[in-house]
Amino acid sequence: MKKILLVIALATMSASYGQQINTKDSLKRVLTIQKDTNRLRTLYNLFSSYVRNTPDSSRTYLTHLLTESKKTKHKEFLGLAYKAEGLYHYYKSNYREAKKSYNKSITIYDSLNLKIPLSRMYNNQGIVLKYLGELESAKVIHLKSLKIKEELNLSPSDIVASLVNIGVLEHELGNNELSTEYYLKAEKICFENNIERGLNLVRMNLAGNFKDQKEYEKSLNYYTLVRSYCKEQEDYRNIARVTNSIGSLYRAQDSLIKAKHFYLEANKLNIKHGIEQMRGLTTRNLGKVAMQEKKFRQALDYFLEANTISQKTGTNTRNVGDYLNIANAYAAMRDFSNAYKYREIHFAKYDSIFQKEKIEKINELEVKYQTEKKEAEIALQEEEINTLNEKARANKLQKGLYAGGMASALALFGLSVFGFRQRIKKNRIAREKQDEIYKQEIEHKKKELTSQTLHLVQKNTFIQELKENLENIKRSPDLFKAEFRRIAMLLKKENASDKDWEVFKTYFADVHNDFDQKLKTLYADISEKEIRLAAFLRMNLTTKEIAATLNVLPDSILKSKYRLKKKLGIDKDIDLTSFLNTL
């Protein structure tokens, strides 16, 4: 479930100025007679009135605002202009350019020590970083924003914006309890201060939480309220967003016809109003419906389209999931070559974005390298000692020998030095060869582990599909009763077998340096099932992937993760996967 972020503090115009000028036409008339800073502020307000729903219409005002702000002596207006430029790129789903513009604005506000606009720019930048997949950086910058706002006792709208955005990030990082805490704080502030728009955005996110908790009726009630409010405001972006969410709610209940209806309705809005980032999400969801309907070719087309959109808009975190969806579609079509190819891309992308080491044995190689380096240093010291001893003996012998004997001793010493250098060279070449062997071994183990993981997912998917087909046969008493019992028992036995897990565990131990033994040493009461879950988390598989691999419901995995976190004694604000990657 994708959560809604508060893009800016909930009003773009100042209250006092908005009381005097409250329509676009009035702003345009005033603009013709204004100069200097008043004109710049009116340009910004005109830009703001268009950018959310029709960003292309705001472009003219943005161009004037940037050009004229660069000429003014009031530097804070240049910061405002760069903020506007960032908002324009944000609503055009161009997050990389939005990040650049926001950075310029932040630099200016920081240099001028303008803390109020700085806190709001932190908020906006945090949202962009989230979409770019820089989750930890986004969390840090949102916490900075919240700290400044609370210190300055800013408006409730400003506080709500930060609370909601931190709640979204906690949800993305898998910390659902913390996420709900932040949403509830935001809801309380909105209710007490009559912040209607903020209240509806918070309700949207809480509706998503209720959906995750399978409280579907309560979730639908919230979504319906929010959708009505967005229609009143003609907020097409959020109408599309909530419509997509209602589709996901029905998909969670396996009401695929209703789910598809709402997804298609959302995509009409996305296409009509150029909401590319949301179009990528809804297209991805249509692909998931097609997968459930077993229309795998159609699902693949949707996933490929979503992948193109996520690359275009720079939504990197969703792009990672696209490759996994494509791999699953190919696997369902029995095209395992392409399934393996896209699964590898998924792992590589995940590593790149979240900066985690899943498969590569870097730590082990580093230890081996440092060990060999120490051994080489010791060997070098021993050679130097031997050389000094040889030199001392040569000097002693030199005193008692004639010139010819002295020359022989020096020649002998020279030979020993030459031999020492040759041994050092030989040791260096041997170390380089061994390093290359280690790298090749790690690469091989990495491929084996990826292949084995994909095999587990494919095997359990196949078994589940076959069991569903057999259930259909079972409903007809005249069809293959005896044969059904025999095959069902065989499948049950095969599905319960730990043979594949043992093979996976062997590869995993090779790559992750006996991870299971470390867990058993640190936590004597940990069970084999908990070790298995920890291994999959260390591989950075998602909850849905783990559920598919183990042939259980995602909720079961969430509960198991919660119990594992408690057993390991990890604080609630520490991410479980990050902790396991440190072992």
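Is K130 buried or exposed? I began my notebook with this residue of the predicted model. I found that K130 is buried, its relative accessible area being 4%.

**Entry 1: the pair at K130**

I next looked up the partner of K130. Its side chain meets that of E172 in a salt bridge of 3.6 Å, N to O. I noted that this pair links distant parts of the chain, with K130 in helix α7 (residues 115–131) and E172 in helix α9 (residues 156–172), 42 residues apart. E172 is partly exposed, with a relative accessible area of 23%.

**Entry 2: other salt bridges**

I recalled that side chains of opposite charge can pair when their charged atoms come close. A search of the whole structure gave me 18 salt bridges.

I then examined R227, which forms a salt bridge with E265, and recorded 2.5 Å between the closest N and O atoms. R227 belongs to helix α12 (residues 216–233) and E265 to helix α14 (residues 256–273); the two are 38 residues apart, and the pair links distant parts of the chain. R227 counts as buried because its relative accessibility is 14%, under the 20% cut-off. E265, at 28%, counts as partly exposed.

I also looked up K92 and D56, whose side chains meet in a salt bridge of 2.9 Å, N to O. K92 lies in the loop between α5 (75–91) and α6 (95–111), whereas D56 is in helix α4 (residues 55–71), and 36 residues separate them. K92 counts as partly exposed at 35% relative accessibility. D56 is exposed, since its relative accessible area of 52% is over 50%.

Finally, I recorded a network of salt bridges that links E276, R279, E305 and K312.

**Entry 3: the surroundings of N244**

I turned to N244, which I located in helix α13 (residues 236–252). At 4% relative accessibility, N244 counts as buried. What does N244 touch, not counting residues up to four places away in sequence? I listed Y263, A266, M278, L281, T282 and N285. With T282, the side chain of N244 also makes a polar contact of 3.1 Å.

**Entry 4: cavities**

How many cavities of 30 Å³ or more does a search of the whole structure find? I noted 4.

How values were computed:
Residues are numbered from 1 along each chain as its sequence is written. This is a predicted model: local features need pLDDT of at least 70, side-chain atom pairs count only at pLDDT 80 or more; totals for chains, interfaces and linings use all residues. Side-chain values use heavy atoms; hydrogens and water are left out. Helices (H or I, at least four residues) and strands (E, at least two) are DSSP runs, numbered from the N terminus. Buried means under 20% relative accessible area, exposed over 50%, partly exposed in between (1.4 Å probe, protein chains only). A polar contact is a pair of N or O atoms within 3.5 Å; within protein, one must be able to donate a hydrogen and the other to accept it, and residues adjacent in sequence count only if both atoms are side-chain atoms. Contact means heavy atoms within 4.5 Å. On a 1 Å grid over the protein atoms alone, a cavity is a set of points where a 1.4 Å probe fits but cannot get out, and a pocket is an open set with protein on both sides within 12 Å along at least five of seven lines; lining residues have an atom within 4 Å of a point. Grid points are joined across faces, edges and corners, and a volume is the space filled by probe spheres set on the points. A salt bridge is a side-chain nitrogen of Lys or Arg within 4 Å of a carboxyl oxygen of Asp or Glu.
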